[in-house]
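Welcome! Let us walk through one part of this structure together, a step at a time.

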Amino acid sequence: MTKTSYKVILADLDGTVNRGEELIPGVEAVYGDLHDRGIKWLFLSNNAAMSATELALKLRRLGINVSEHQVINSASALIHTVERNYIGKRFIVVGESSLVEAIEHARGTISDDPASVDIVVVALDRTLTYEKLKRAHIAVQKGALLWATNLDATFPVEGCFHPGAGSIVAAITTAAGRPPDRVFGKPYPDMALLALEMLDISASSCLVVGDRMETDILFARNAGMASALVLTGATSRSDVAKYSYAPGHVIESIADIAELFD
Ligand SMILES: [Mg+2]
């Protein structure tokens, strides 16, 4: 593949496009430049604590003029799966109200009774209680499927990290003694499949840009897409050699991504 054949950029958010409430310097300009040259952008985040619509609003507030159709998160991929194949199934959700409402909107049935549940959904939940963990665990013991939005151990906030969805999933998988049946966030391929369907393009036209080897770069590899690692987030240049797979490109910042296009 030549570098000019990328038609779509699938960009991670935290550590790649923004750090918390600040954009990576130069990202607005390169977004506008490539957009004007006919390159499509989608933003792919594992963050399921905000809806895709809320993430698009945040990007607009920070200065990137995106539509809500340009943002996919791990919750979008899960919701899409519910409305396609699991309408009417009964769900227990360890997650926040926006995710509960989205599953209801996708015509899943929310239940509090662990004895009669088909699927346990686990996501970042800043209202987590022992009662919620207990109900989820009972449902899994009684045979419910276990789905996780994503397995990120932490997420970045100003100056430090807070426990992420993966830390909550770990409580339930530790109790259950088995891994989740399905995970929707990167590096698993659901968001890639949703992106390809939304844009009606092939994986070989896509360039994934992100700051984490074990989510973004592995995601690209799993989906058969090209990848570019940026050094503005979780990974330094010397970290790359520690992995058994490598990004197609390493660039200092997403602001430099135009180098990969003629
Ligand atoms: Mg990131």
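## The sheet

In this predicted model, an open sheet is built from 5 strands in the order E7-E6-E8-E9-E12, with parallel pairing. Strand E7 (109-110) and E12 lie at the edges with a single partner strand each, so one side of each has no neighbour in the sheet. Strands (E, at least two residues) and helices (H or I, at least four) are DSSP runs, numbered from the N terminus, and two strands pair if DSSP finds at least two bridges between them.

Residues are numbered from 1 along each chain as its sequence is written. Because the model is predicted, local features need pLDDT of at least 70 and side-chain atom pairs count only at pLDDT 80 or more, while totals for chains, interfaces and linings use all residues.

## Strand partners

Look at strand E8 (residues 119-122) beside strand E9 (residues 145-148): 4 bridges join them in the parallel sense. Ile119 sits opposite Leu145 in E9, and Val122 has Ala148 as its bridge partner in E9.

E9 also pairs with strand E12 (residues 182-183), in the parallel sense over 2 bridges. Here Trp147 has Arg182 of E12 as its bridge partner.
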